[in-house]
Amino acid sequence: LLPPYLRFFRGVVDSEDLPLNVSREMLQENKNLSAIRRQLTRKAIKVLTETASERPEDYEALWTEFGAVLKEGLHQDGGHRDELIALTRWYSVNTEGLNSLADYVKTMPEDQPFIYFIAGEHAETLRTSPHLEALKSRGHDVLLMTDAVDEWVLQSMSEYEGNTFRNVMQGDLDGDESKGEEADADATPEPSAIDPLLSAAKTLLGDNVKEVKASTRLTNSAACLVDADGSMSRNMERIMRLARQRVHDTPRVLELNPTHPLVERANELAQ
């Protein structure tokens with residue numbers, strides 16, 4: 001009587017309109033059953049919304065237990081998408097408790113172009129990721145996504161209130177081809193102070209990496225590996241392997257911090 005993403009609800013439905021003296025297959029096609037299903041789904045979402053508004057501590061406990069299940073509705077139920085988005089809660093780098101997307105957007109600096117997120121297995125590990133260094137220095141918050149369904153449901157939730165989601169471990173951190181003047185496809189990239197090292201590293205590593213480039217996301221660490229824009233993320237590859245799906249390893253982009261002493265010295269040796 002309820003969609004799969006509300007499977008944690010329990011209850012009894014009393015109805016005089018269902019012909020129970022027929023087969024289960026015939027009952028499932030009964031029009032009254034469809035009406036009951038629609039009404040129950042609306043009622044269940046209303047109960048969750050009221051709990052989140054009136055008893056946030058109770059809702060936080062419920063979300064901790066069943067949040068991963070409820071997120072499936074973002075992919076399965078387009079009719080209630082807006083209500084379900086409002087019900088989602090996330091941990092983030094700058095806060096200890098759970099936050100809604102509305103809370104996140106309210107605290108975004110004016111110059112922040114995206115809703116940033118980072119996906120992985122453990123929140124505490126993600127908080128210390130070198131991929132966050134530049135964003136932390138600018139005061140930008142980052143959502144921590146640790147449920148296996150997170151990157152999957154984001155395919156159905158690409159933006160919120162006009163703000164698109166951006167994986168901080170994928171592609172150029174500040175790249176946004178949709179804003180500003182269109183880049184000249186034939187333009188020559190600006191030279192980097194560590195070009196000799198970048199060239200030497202690419203020659204040495206060969207096909208083990210897709211590219212070697214100067215980083216804009218690092219401030220303290222010497223280097224990090226980044227998923228190429230448009231490719232499957234390393235976290236998604238991990239989840240697919242856990243599900244016993246065949247996944248091909250894809251080379252990642254090696255980013256080097258031009259201001260790190262180790263990188264500066266390596267560049268001198270490359271020269």
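In this predicted model, the side chains of N99 and T95 are joined by a polar contact of 2.6 Å. N99 belongs to strand β2, which spans residues 95–99. The side chain of N99 also reaches the backbone oxygen of G97, at a distance of 3.2 Å. When residues up to four places away in sequence are not counted, N99 touches T88, R89, W90 and S92. L218 lies 119 residues from N99 along the chain, and the C-alpha atoms of N99 and L218 are separated by 26 Å.

A polar atom of the R166 side chain lies 2.6 Å from the backbone oxygen of D172.

T41 is placed in helix α2. With a relative accessibility of 6%, T41 counts as buried. Apart from its neighbours within four places in sequence, T41 is in contact with L2, P3, Y5, L6, D77 and H80. For one of these residues, P3, the separation of the C-alpha atoms from T41 is 7.4 Å, and the two residues are 38 residues apart along the chain.

The largest nonpolar core has 45 residues, of which L70, L143, F165 and V168 touch the most other members. At least two residues of this core are supplied by each of the helices α2 (31–54), α3 (56–71), α5 (81–87), α6 (101–106), α8 (133–137) and α9 (150–154), and likewise by each of the strands β3 (115–119) and β4 (143–145). Strand β3 gives the most to the core, with five residues. The contacts of L70, leaving out residues up to four places away in sequence, are Y5, L6, F8, L48, Y59, W63, L84 and L87.

Helix α11 runs over residues 234–242, and its buried residues are N235, M236, E237 and I239. The elements covering these buried residues include β3 and α9. After α11 comes R244, which has a positive phi, near 65 degrees.

The packing of two further helices was examined. Two packed helices are described by the angle between their axes and the distance between the axes. Helix α10 (residues 195–205) packs with helix α12 (residues 261–270) at an angle of about 80 degrees, and their axes are 8 Å apart. Because of this angle, α10 is roughly perpendicular to α12, a term applied to angles of 65 to 115 degrees. On the α10 side, the contact is made by D195, P196, L197 and A200, and on the α12 side by V263, A266, N267 and A270. Sorted by class, the residues of this contact are six nonpolar, one polar and one charged.

Note on methods:
Residues numbered from 1 in each chain as written. Predicted model: local features only at pLDDT ≥ 70, side-chain atom pairs only at ≥ 80, totals over all residues. Heavy atoms only, no water. Axes fitted to C-alpha atoms, helices over the stretch in contact; angles between N-to-C directions. Helix = DSSP H or I, 4+ residues; strand = E, 2+ residues; numbered from the N terminus. Parallel < 35°, antiparallel > 145°, perpendicular 65-115°, else oblique. Contact = heavy atoms within 4.5 Å. Nonpolar A, V, L, I, M, F, W, Y, C, P; charged D, E, K, R; others polar. Polar contact = N/O pair within 3.5 Å; in protein donor to acceptor, adjacent residues only side chain to side chain. Core = buried A, V, L, I, M, F, W, Y, C linked by side-chain atoms within 4.5 Å. Buried < 20%, exposed > 50% of the residue type's maximum accessible area, 1.4 Å probe, protein only.
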